[in-house]
Amino acid sequence: MNVLGIETSCDETAAAVVNDKREILSNRVLTQLEDHRPYGGVVPEIAARAHLEHIDRLVAEAMDDAGLEFDDLDAIACTGGPGLIGGVMVGTMTAKSIAFATGKPFLAVNHLEGHALTVRLTDDVAFPYLLLLVSGGHCQVLIVEGVGKYRRIGTTIDDAVGEAFDKTAKMLGLGYPGGPALEKMAKNGDPLRFRLPRPLRGREGCDFSFSGLKTAVRVHLDGFPVPQRTDAVKADLAASFQRAVGETLIDRTKNAIYQFMREYPEGKTLVLAGGVAANTYLRTRLTELTDKAGMQLVAPPLPLCTDNAAMIAWAGLERFRLGQEDPLDFKPRPRWPLDPEAPKRPGAGVKA
């Protein structure tokens with residue numbers, strides 16, 4: 001079984017082909033970093049136009065890399081949401097067009113489900129498992145019971161962790177994208193120099209908060225006149241911030257692990273997914289946590305943590321072999337929670 005996947009939810013245009021042997025036959029990703037760098041963040045209109053300009057070529061290249069013709073495909077999958085609606089529309093319409101022209105089934109994949117199921121492609125992780133989904137727009141912890149079966153037990157009540165990384169990096173003058181630059185700078189810093197809060201530490205539940213931590217970094221930075229904001233000061237702030245994030249994630253995830261193990265004693269896996277899962281420091285800290293809890297931390301290879309089409313193709317394949325597909329009048333969705341029944345969190349807004 002071969003499935004073509006298309007991903008256009010934010011600032012990567014991607015196309016890939018995977019099969020039911022868990023092989024990635026092709027995985028083309030075109031980043032738009034240079035297009036957005038002058039603005040310090042993603043500009044939705046620029047992103048949508050770039051997707052429209054490059055998507056046809058990337059699909060053709062992915063098919064050539066896989067050595068397949070469209071007749072060799074069993075289904076066409078794309079990100080149907082959540083994401084920047086202009087980009088999601090480009091990918092969805094492209095996938096619909098291919099499906100209509102070839103007569104192949106069409107699958108609209110939840111982008112977050114793509115991240116959630118990647119470890120079943122790379123590591124064949126069995127259900128159920130606990131998922132810590134951390135990215136620029138999301139910070140959630142969910143119990144994954146099966147394909148399409150997600151129960152959210154914790155979420156951010158303000159900023160997502162990736163957003164906190166990017167905004168802190170911007171304060172430190174590290175440019176865009178901020179997360180990787182901050183991690184690199186933190187390696188040369190003293191993580192004990194600045195006292196920063198660990199929001200919600202010690203409290204019940206599994207929710208997260210990072211807004212206050214971000215503000216605390218600003219307060220410390222403002223304590224230095226501009227001429228005294230040396231690279232050493234910035235490195236120490238970066239290291240202190242990253243350590244605070246790590247300890248916050250550990251504290252909140254520990255509560256989630258206890259809940260998960262009570263409900264699913266057979267479950268032994270914590271999955272770390274999303275763009276922030278590429279942070280090696282956070283991987284190390286969470287590995288320490290799972291080792292103590294008698295669990296295993298599983299995270300995708302670094303190239304599959306950030307947005308890519310292989311994860312969309314795989315999620316589509318998982319759904320398709322369960323007999324699922326979507327109609328060609330599917331409407332792209334800018335918001336699409338994995339657990340629509342989860343209660344709203346005050347202050348969380350669309351990130352809940």
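Colleague: Hi! Which domains does the lining of the largest pocket draw at least three residues from?

Modeller: Hi! In this predicted model, domain 1 (2–117 + 303–322) and domain 2 (125–302) each give at least three residues to that lining.

Colleague: Nice. What volume does the largest pocket have?

Modeller: Its volume is about 1400 Å³.

Colleague: And how many residues line the largest pocket?

Modeller: There are 45 of them, and Cys10, Ser135, Gly136, Gly137 and Asp166 lie nearest the centre of the pocket. Strand S3 (24–31), helix H4 (111–122), helix H5 (161–171) and helix H6 (178–186) are the elements that give two or more residues to the lining.

Colleague: Which element gives the most to the lining?

Modeller: That is H5, with six residues.

Colleague: How do the lining residues divide into nonpolar, polar and charged?

Modeller: You'll find 17 nonpolar, 18 polar and ten charged residues in the lining of the largest pocket.

Colleague: OK, new topic: the two domains. How far apart are their C-alpha centres?

Modeller: The C-alpha centres of domain 1 and domain 2 are 27 Å apart. Where the domains are in contact, 20 residues come from domain 1 and 21 residues from domain 2.

Colleague: What area is buried between them?

Modeller: About 1600 Å² is buried between domain 1 and domain 2, and carbon and sulfur atoms give 68% of that area.

Colleague: Which three residues of domain 1 supply more than any other three?

Modeller: Leu112, Ala116 and Cys305 do, with 33% of the area that domain 1 buries against domain 2.

Colleague: Last one: how many salt bridges are there between domain 1 and domain 2?

Modeller: The count between these two domains is zero.

How values were computed
Residues are numbered from 1 along each chain as its sequence is written. This is a predicted model: local features need pLDDT of at least 70, side-chain atom pairs count only at pLDDT 80 or more; totals for chains, interfaces and linings use all residues. Side-chain values use heavy atoms; hydrogens and water are left out. On a 1 Å grid over the protein atoms alone, a cavity is a set of points where a 1.4 Å probe fits but cannot get out, and a pocket is an open set with protein on both sides within 12 Å along at least five of seven lines; lining residues have an atom within 4 Å of a point. Grid points are joined across faces, edges and corners, and a volume is the space filled by probe spheres set on the points. Helices (H or I, at least four residues) and strands (E, at least two) are DSSP runs, numbered from the N terminus. Ala, Val, Leu, Ile, Met, Phe, Trp, Tyr, Cys and Pro count as nonpolar, Asp, Glu, Lys and Arg as charged, and the others, Gly among them, as polar. Domain bounds come from an automatic or database domain assignment. Contact means heavy atoms within 4.5 Å. Buried area is the accessible area (1.4 Å probe) that two parts lose on being put together, summed over both. A salt bridge is a side-chain nitrogen of Lys or Arg within 4 Å of a carboxyl oxygen of Asp or Glu.
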